[in-house]
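Here is my note on the model. Please keep the structure open while you read the points in order.

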Amino acid sequence: MLADFDKEGFKKEVITNVKTLFRKPIEEATPQQVFQAVSYAVKDDIIDRWIATHKEYEKKNVKTVYYLSMEFLMGRALGNNLINLTYYDAVKEALDELGFDLNFIEDQEPDAALGNGGLGRLAACFLDSLATLGYPAYGCGIRYKYGMFKQGIKDGYQVEMPDDWLKDGNPFEVKRSEYAVEVKFGGYVRVENKNGRNYFIQDGYQSVRAVPYDLPVIGYGNNVVNTLRIWDAEAIQEFCLDSFDKGEYEKAVEQQNLAKTIVEVLYPNDNHYAGKELRLRQQYFFISASVQRAILKFKELNKDIHKLPEKVTFQMNDTHPTVAVAELMRILMDEEGLEWDDAWDITTRTCAYTNHTIMAEALEKWPIELFSRLLPRIYQIVEEINRRFVLKIQEMYPGNQDKVKNMAVLYDGQVKMAHLAIAGSYSVNGVAALHTKILEERELKDFYEMRPEQFNNKTNGITQRRFLLHANPLLANWITDKIGDEWITNLSHLKKLKVYVNDEKCQHEFMNIKYQNKIRLAKYIKEHNNVDVDPRSIFDVQVKRLHEYKRQLLNILHVMHLYNRLKTEPEFDMYPRTFIFGAKASAGYKRAKLIIKLINSVADVVNNDASIEGKIKVVFIENYRVSNAEIIFAAADVSEQISTASREASGTGNMKFMLNGAPTLGTMDGANVEIVEEVGIENAFIFGLSAEEVMKYEREGGYNPMDIYNNNQAVRRVLTQLIDGTYASDDPDRFRDLYDSLTKEDVYFILKDFDSYAEAQQKVDKAYQDEKGWAKMAMLNTACAGKFSSDRTIEEYAKEIWKLKKVKVSLDK
Ligand code: GL2
């Protein structure tokens, strides 16, 4: 495949690009300018494939999935694009010859951080797999002007800074003004009767023009280039002198402002909805635009709108895009002229819904007052959906009011978006086996009983192209040396590594690669945190969003406990350990932010206490994001996946660690269960209450944390240290909120799981000292990670939900 890469031509193009873009010779270009010039040169290589792919899709009139998502956490594009074009090494060489280091050039690119965490990153991995497998797909989202905020740490506290990711332009995007559509908000609905049929007309509305920007999504070595389409908003009515005269100036300003605010910023909440009007506007904005465009495209190739389900699936990524159900109904009835039953039949064979969480605070509900004011026509449709759905429930369960209460779309003055999604979809899936089971047996039990065939599980996955091939080149090359390169597109091949796990030479090589990656991370930590860490210590890593259910607090309390032991138990010893954290907290999540402060305060004390001889180091990596995640996963020895069982729907970081040879220290939650199933429980460190036990306690009203406080000296000691100034000498009450939350309710069972966690940690300490045993365990984790490729996940979606066919693309020159 490399044969078609023209190195000399590429070098020339880079030089020319610098000249035409920046009016400079390349010797005078800034690194950012070189990055731009290189990216435009790469884009040229992409364009032909992009056009060829879409020609092929049109020629075959293929079925397409539209992956509707408020979030796509893409990270950087350049390196990944080169990897998937299979040009990475060649471009590296070309740039070397021009006197530039590709790694350094890659570092100039801002992360496209249009997402919060796992849910958004999953969407990005899915796009990579869809293109690699040759499935026709669009990602549809929002072109936020500001993505996920940049996190700074000041005096140990998180500070948020705007992420102005577009300030230097985005070389890979293409603006497609010709595909702009109008999206309407507010006003009222007027009914007009023409020839005996009622027409519903929205009047007195405000509107914006939705303008798509397309980003290429490149399949690995197969010429397929799919599209991530993100929508920008522009004012329909520009300021014009006319409007002064007609007194419409105010309206023009209003529309300008509306357009500007809609796409201004990503809401930085993970697993939590804020219920803000602007958020609902964002949702309807990108859904209306995406669905309108999809229907227009469908109609270019197909005459009969009834064929829509044969050609299109709208996959709704969580509750955020579920207004799509009603928007599709609106288009089918008000624009295509279908009757309700016909439209409903088409809609419910076109829409599918993925649930990503059981956390009640994440399932969106909108006050009817707000919803109907903002989306009057859509609300009418939702009302009718609800009316018919409730009739169906009553028919199935006569007289059972509880069923109506639990399942209605409209209830208690609210629009329940999950219920709308389920009523309007042919498929509802969870994201790991345990999660789907909990949905079926508990959270969505009534819906499951009504229509069990609608439910299915699709265990999440990650793309090995970014999280191994790009992130860990040393290991990637080693694997390819041992078993060939088929793993790049078929991760199950990794199991061939099993024959090497007892081979001492291989163990050595494997652990040496880990060591090199630890040196790379240590260097990053020194540069960014100015902390020295010893790459020979155990790198124990917890990187993910900060959330109480993820229990970073359990981790840091345990660090405090170890520190206590080192200080007071002369006979206690431990293998040197570096506890590495990385996490953003939602800007308004006070307790999460306090936990960040606690981690940094513990770091201050422990890292500066010479008496413990560097046995413990604590590092909080600032601004955790996709680009530094790639370095972190590759360097981890231990993967902390310690959520309260039942709460983490799946987790995907857990899979990235496993792939890079880090055993899981975790609870039996989410996909951890399946990781253990693949690798064997002896190759993981499992602790804590099971999901069933947690849910049983919850049914019975919780447990009493004071029982533990009173009987467990180690726990009492660290709790006391939260309020006696040990870690806050200037303000001993600083962490009182954490103390109170643990001693009063401990809703996340942190104290309950403490002993069992500490015990598992001791096992880690012991296991690591058995060098061969550890090497074997680490290698087995990599070897057994095959299941967790997003290629496997996407194959399942494509076969079982979307019914897509693969397309081959060739480049006729
Ligand atoms: C999440 C879940 O919390 C997480 O466990 C899961 O892996 C991802 C992807 O399915 O989805 N749900 C959610 O709302 N966010 C997640 O990361 N933000």
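**Notes on the predicted model**

1. Start with a hairpin. Strands E11 and E12 form it, with six residues between them. Gly 221 sits in the turn and has a positive phi of about 55 degrees. Keep in mind throughout that this is a predicted model.

2. Now follow the pairing of the hairpin. E11 (residues 206-218) and E12 (residues 225-235) run antiparallel and are joined by 11 bridges.

3. Strand E8 (residues 181-185) pairs with E11 over five bridges, in the antiparallel sense. Here Val 181 has Ala 210 of E11 as its bridge partner. Strand E7 (residues 174-175) also runs antiparallel to E11, with two bridges.

4. Next, a sheet of three strands. It is open, its order is E15-E17-E16, and the pairing is antiparallel. Which strands stand at the edges? They are E15 (365-367) and E16 (410-411); each has a single partner strand, so one side of each is left without a neighbour in the sheet. E15 pairs with E17 (residues 414-416) through three bridges. Pro 367 stands opposite Gln 414 in E17.

5. Turn to the domains. The assignment for the protein chain gives domain 1 (1-51 + 88-109), domain 2 (61-76 + 111-460 + 796-802) and domain 3 (464-788). The C-alpha centres of domain 2 and domain 3 are 35 Å apart. Their contact takes 40 residues from domain 2 and 33 residues from domain 3.

6. Look at the side of domain 2 that touches domain 3. Elements giving two or more residues to this side include strand E2 (72-75), strand E5 (150-154), strand E6 (157-161) and helix H17 (433-443). The largest share, five residues, comes from H6. By class, this side of domain 2 has 15 nonpolar, 18 polar and seven charged residues.

7. Where does the ligand lie? Domain 2 and domain 3 both give residues to the shell around the ligand, so it lies between them. There are 19 residues around the ligand, and those that come nearest are Gly 118, Leu 119, His 356, Ala 649 and Ser 650. The shell is made up of five nonpolar, 11 polar and three charged residues.

8. Now the largest nonpolar core. It has 238 residues, and Phe 285, Ala 324, Val 382, Ile 599 and Val 602 touch the most other members. Helix H6 (residues 118-133) gives the most to this core, with 10 residues. Take Val 602 as a case. Leaving aside neighbours within four places in sequence, Val 602 is in contact with Ile 556, Val 559, Met 560, Val 618 and Tyr 727.

9. Thr 667 is found in the loop between strand E24 (664-666) and helix H26 (672-679). Is Thr 667 buried or exposed? Thr 667 has 30 other C-beta atoms within 10 Å. The cut-off for buried is 20 or more, so Thr 667 is buried. Not counting residues up to four places away in sequence, Thr 667 touches Ile 642, Ser 643, Ala 645, Asn 672, Phe 687 and Gly 688. Phe 685 is 18 residues from Thr 667 along the chain, and their C-alpha atoms are separated by 8.5 Å.

How values were computed
Residues are numbered from 1 along each chain as its sequence is written. This is a predicted model: local features need pLDDT of at least 70, side-chain atom pairs count only at pLDDT 80 or more; totals for chains, interfaces and linings use all residues. Two strands pair if DSSP finds at least two bridges between them. Helices (H or I, at least four residues) and strands (E, at least two) are DSSP runs, numbered from the N terminus. A nonpolar core is a set of buried Ala, Val, Leu, Ile, Met, Phe, Trp, Tyr and Cys residues joined through C-beta atoms within 7 Å. A residue is buried if 20 or more other C-beta atoms lie within 10 Å of its own, exposed if 12 or fewer, and partly exposed in between; C-beta atoms are placed from the backbone. Two residues are in contact if their C-beta atoms, placed from the backbone, lie within 7 Å. Domain bounds come from an automatic or database domain assignment. Ala, Val, Leu, Ile, Met, Phe, Trp, Tyr, Cys and Pro count as nonpolar, Asp, Glu, Lys and Arg as charged, and the others, Gly among them, as polar. A residue is near a molecule or strand if its C-beta atom, placed from the backbone, lies within 6 Å of it.
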